Amino acid sequence: MAVTAPSPVSEQTGSTTGRPRRPRRGRGSRRRRGLLAAAGAVVALVFVAPYLIMLVGSFKTRSEILRVPPTYLPETWHPSNYVDMWSTPETPLPYNLVSTIVISVCATLLVLCVAVPAAYYTARFRFPGRLLFLLLVLVTQMLQPAVLAAGLFREFVTLGIHDTWLAMILVNGAFNLSFAVWIMHSFFASVPKELDEAAMIDGASRLQILRRITAPLVWPGVVTAIIFTFVNCWNEFAASLVILTTAENQPLSVALTKFVGQYESAWQYVFGVSIVGIVPVVVLFALIEKRLVAGLTAGAVK
Amino acid sequence: MRTPVRTTAAAVAMGLTLTACGFSGGDEGSSGDDAGGGTTIDLLVPQYSDQTKALWQEIIAGFEEQNSGISVNLEVQSWDNINDVVRTKVQAGEAPDILNIDAFSGFAKDDLLYPAEEVVSPETLDDFQQSFIDNATLDGTVYGLPLIASARALFYNKDVLAQAGVSEPPSTWDQLLSTATKISELDADVYGYGMPLGSEEAQAETSIFTFGAGGAWTDGDSITVDTPENLEALKFMKSMIDAGVTQPDPGATDRTPMLDVFIQGKIAMAVGLPPTIGQIEERNPDLNYGIAPVPTKDGEPVTLGVADHLMAFRNDDDKKDAIRAFLDHFYSQDVYLSFVDAEGFLPTTKSGADGTENADRFSEFLEVLPNARFYPSTNEAWAATQGALQTLVGQIQSKDAAAVLKQIQDKADAA
Amino acid sequence: MTAPPAATPPATPESAVTGTRRPRGRPGRWSALGRALPWLTPALLLIAGVVLFPAGYMAWTSVRDLSQFGMDNGPAGLDNYARLLEFGALPRVLLNTVVWVFGVVVTTVLISLGLAQFLDKAFPGRRIVRLAVIIPWAASVVMTTTVFYYGMDPFYGVINTFLVDVGLLDQPYGFTRNALPAFLTAMGIAVFVSLPFTTYTLLAGLQTITLDVREAAQMDGAGPWAAYRQIILPLLRPALAVATIINIINVFNSLPILQVMTGSIPGYSADTTTTLIFKFIRADRQIDTASALSVLNFVIVLGVILVYLKVVKPMRED
């Protein structure tokens with residue numbers, strides 16, 4: 001990939017050694033930073049607002065949540081919703097959380113293991129069928145999972161692994177491959193090849209190069225791929241709905257629907273479970289975001 | 001050359017080994033072979049209320065205690081999803097052994113079901129009320145086992161009606177329109193009549209009016225949508241919308257949220273079902289409401305009845321005895337009533353009707369039940385017709401009623 | 001599978017990397033492919049193992065006559081496709097699809113470019129803002145849409161009440177009750193849930209552009225806008241291209257947003273081809289017609305992506 005103009009990049013690598021990120025220029029900074037922070041607060045509010053409705057709703061009683069006209073804040077707060085929802089008759093929520101975690105973590109690992117070599121090689125080497133391979137990977141993303149669910153169920157019944165986590169790990173792995181390959185491909189490609197060549201002449205193996213030189217430089221891309229894959233697995237619904245039939249095996253996304261009844265829904269639980277589903281992902285992101293920034297500063301190549 | 005750990009290659013290899021050794025979580029409980037050599041029957045049911053799963057679990061526990069060697073594998077799905085799940089399973093040849101759902105005729109036409117007489121004892125079969133059995137029969141064979149029934153009745157807000165100077169709930173269309181008009185003119189921020197023509201259950205609201213005009217969805221053979229009676233009903237519905245006496249945007253209002261608004265006292269009249277009573281008790285016990293037969297064109301009593309069914313799939317003849325044992329157990333009076341009474345529906349069996357605790361509570365519904373008419377769900381084309389009603393009939397809010405009826409008729413004919 | 005990559009003899013770096021040593025004979029090409037395979041095989045296996053069968057099954061059912069519960073009643077030739085073409089509302093649905101995909105993707109990308117630039121600046125509380133921006137991504141689309149749907153209910157919706165209380169509306173408005181406003185609201189939600197992923201992909205792209213480059217850009221004397229357009233944007237191109245491709249596909253295949261927001265609305269005036277597939281399945285009980293539409297849907301999105309790749313050339317060979 002030659003999209004990245006070569007000159008600035010080599011300039012970058014040429015001068016990165018010991019590159020200090022700070023100090024930044026101090027020009028007009030305080031007022032400007034204040035304005036930026038204020039704008040940041042507005043942006044944050046916009047993105048959080050719907051989930052505040054969700055959070056507040058999860059503390060209301062079943063009757064208050066459908067009051068006409070609605071109340072902005074609960075008349076009395078019911079944190080007990082967050083206790084009760086783990087032992088409702090509708091769904092075994094602790095199991096559902098475990099299922100979600102196991103499926104998402106394993107599928108993300110699977111995607112990484114499969115996508116990193118493919119992305120690396122396609123970015124680094126020309127070979128016949130390279131574009132075809134990338135397109136084929138992309139095609140998997142174009143298929144609508146809900147449409148494929150019937151076929152997937154049939155396939156896994158034949159293989160005898162329907163209603164298992166393994167089936168969903170494979171499904172999630174396959175359907176998230178394309179983004180992971182493509183994003184990492186674009187990041188691998190933006191790392192100057194001269195680095196590899198220099199290292200290769202030093203006698204390093206291709207894997208050592210990948211690990212020691214390329215990987216740190218492409219951290220932001222890898223992290224983006226990890227988050228993307230993990231979040232998609234975490235929220236996958238269409239295939240889980242039909243493939244996982246035992247209540248204990250089902251992920252949170254499917255468990256949520258159990259609170260929607262024929263004539264009335266337990267909105268307070270729907271909202272509460274959603275919050276429970278969001279928090280781990282945000283925590284994960286908070287942890288990994290440091291790496292994303294670190295990837296930048298640690299990206300200096302010795 | 002090779003760094004032993006933490007290389008990508010090792011990770012790939014590990015990942016693949018991990019998957020290759022059959023890392024299968026939570027395999028227990030999945031259907032199929034079970035160790036004890038007994039029989040496992042799969043039961044797939046929809047979620048009626050938040051108690052549904054617990055009720056079935058209790059019934060299953062009682063059954064398994066009496067029938068060692070048979071275990072029942074329960075799967076509960078929400079109404080939103082159960083059709084997708086069933087379709088996928090049937091398509092893959094993995095139908096449940098027993099299914100609880102509204103319509104059975106599609107499965108019966110595909111020759112997937114056992115006739116009822118093969119999977120319940122004659123006593124159990126005789127115990128069903130005849131009207132429900134008629135509704136569960138296809139080409140002379142009973143396939144469906146009526147599970148629960150409900151009928152529709154008019155819920156009205158007594159306070160609001162009194163405020164509008166109306167003492168009796170309406171029983172004819174003219175009265176319905178005039179009462180709703182008076183309420184709308186009250187300036188009390190209350191809508192006269194709640195008309196839910198959104199996709200959730202538009203076919204039910206429509207049926208109440210078409211039945212009320214003497215219309216029917218079938219002539220015995222084919223589905224009849226575009227008939228003079230049905231047109232008259234839709235025109236009347238449209239006249240109520242045009243008069244502005246319904247809630248805003250009736251064409252896109254779903255049933256559940258509409259009833260929520262009725263319960264909050266902001267809609268004066270709406271057609272409800274037996275479970276509506278429990279919802280009012282829970283959410284707004286102070287609501288001063290009454291229940292009356294649904295208004296019809298000239299007051300002739302008729303309403304919509306709905307029955308859901310159990311049905312047994314012809315998967316494996318070895319399971320037939322187990323299925324029969326379970327169904328007979330389920331329909332025994334005590335067990336059956338433990339389910340129907342708790343879910344707040346009307347029983348479909350004679351012994352259930354005699355024993356139900358809810359006789360008083362549901363007296364208005366039990367009164368209208370003899371005049372109830374059902375969807376023509378034994379007609380194969382009904383499922384698609386119902387879908388067309390759900391997705392299209394709301395258009396009468398802005399379109400010509402006759403054109404909408406014709407569009408739905410076309411869908412029915414294509415099914 | 002054992003770990004083969006390390007064992008593969010490395011290609012001569014110069015030739016492999018620059019690809020300048022032509023002409024090459026067939027054997028060279030094949031051995032290049034042979035060297036590539038160990039790196040690609042896991043991905044190919046996964047795709048072949050999981051995706052191939054259901055995709056083929058979809059295509060197969062599109063030429064079969066299926067009962068409403070999926071029993072196969074024999075071949076149907078192209079009847080399902082014919083029925084699809086006769087479907088009266090199809091032009092409207094296709095138009096909706098174009099508006100939906102184009103509107104959502106373009107809006108998303110434009111906002112994300114600005115947002116990524118903003119989040120790349122240093123200011124107090126930036127980490128919190130970054131965390132806030134990711135939340136719509138962390139939440140499932142169904143849940144986000146559901147909370148909007150709930151909030152916009154004309155009776156018990158908090159958002160509607162808020163808009164009335166602050167004086168923007170005289171009375172609650174049925175956002176989800178009429179085709180056009182519901183469709184537009186759904187587009188807004190689609191943008192909202194697509195922003196985090198797009199922004200983060202671009203942000204990651206920005207991270208690879210170092211300070212030196214940016215400063216060099218500014219020192220050229222061009223204004224900030226010109227510097228952005230001439231230096232930063234071209235460097236962002238790989239990330240932007242991938243984000244756009246993935247967005248096009250995801251938005252095209254997006255089901256829950258429209259299903260929740262416009263699901264109660266009668267008729268087809270707020271449907272895209274994707275939601276129409278599910279109306280065929282759930283309402284009309286025509287699994288076979290739905291399969292035909294799924295195939296058509298796939299062909300359309302494949303075509304769009306191929307055109308995009310052809311025009312934008314994010315994977316240009318040299």
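Colleague: In what order do the four strands of the open sheet in chain B run?
Modeller: The order is 8-9-7-10, and the pairing is mixed. Strands are DSSP runs of E, at least two residues long, and helices are runs of H or I, at least four, numbered from the N terminus. Two strands pair if DSSP finds at least two bridges between them.

Colleague: Which strands stand at the edges?
Modeller: Strand 8 (191-194) and strand 10 (289-292) of chain B, each with a single partner strand, so one side of each has no neighbour in the sheet. From one strand to the next the twist averages 15 degrees.

Colleague: Is strand 8 of chain B parallel or antiparallel to strand 9 of chain B?
Modeller: Parallel, with three bridges joining strand 8 to strand 9 of chain B. B:G194 has B:A270 in strand 9 of chain B as its bridge partner.

Colleague: Before I go on, where does the model come from, and how is it numbered?
Modeller: It is a predicted model: local features need pLDDT of at least 70, side-chain atom pairs count only at pLDDT 80 or more, and totals for chains, interfaces and linings use all residues. Residues are numbered from 1 along each chain as its sequence is written, while chains are lettered from A and ligands numbered from 1 in the order in which they are written.

Colleague: Which residues of helix 13 of chain B are buried?
Modeller: In helix 13 (residues 274-283) of chain B they are B:P274, B:T276 and B:Q279. Buried means that 20 or more other C-beta atoms, placed from the backbone, lie within 10 Å of the residue's own. Those buried residues pack against strand 6 (145-151), strand 7 (153-157), helix 12, strand 9 (267-272) and helix 17 of chain B.

Colleague: Now the domains. How is chain B divided?
Modeller: Into domain 1 (39-150 + 306-373) and domain 2 (153-293 + 381-414). The bounds come from an automatic or database domain assignment. Taken over C-alpha atoms, the centres of the two domains of chain B are 29 Å apart.

Colleague: Over to chain C. At what angle do helix 4 and helix 14 of chain C pack?
Modeller: At about 80 degrees for helix 4 (residues 79-86) and helix 14 (residues 287-312) of chain C, with their axes 8 Å apart. That makes the two helices of chain C roughly perpendicular, a label for angles of 65 to 115 degrees. Axes are lines fitted to C-alpha atoms, for helices over the stretch in contact, and angles run from 0 to 180 degrees between N-to-C directions.

Colleague: Which residues of helix 4 of chain C make that contact?
Modeller: C:N80, C:Y81, C:R83 and C:L84.

Colleague: Last one: what do strand 1 and strand 2 of chain C form?
Modeller: A hairpin with five residues between the strands, and C:G70 in the turn has a positive phi of about 90 degrees. Strand 1 (residues 64-66) and strand 2 (residues 72-75) of chain C run antiparallel and are joined by two bridges.

Methods
Angles under 35 degrees count as roughly parallel, over 145 as roughly antiparallel, 65 to 115 as roughly perpendicular and the rest as oblique. Two residues are in contact if their C-beta atoms, placed from the backbone, lie within 7 Å. A residue is buried if 20 or more other C-beta atoms lie within 10 Å of its own, exposed if 12 or fewer, and partly exposed in between; C-beta atoms are placed from the backbone.
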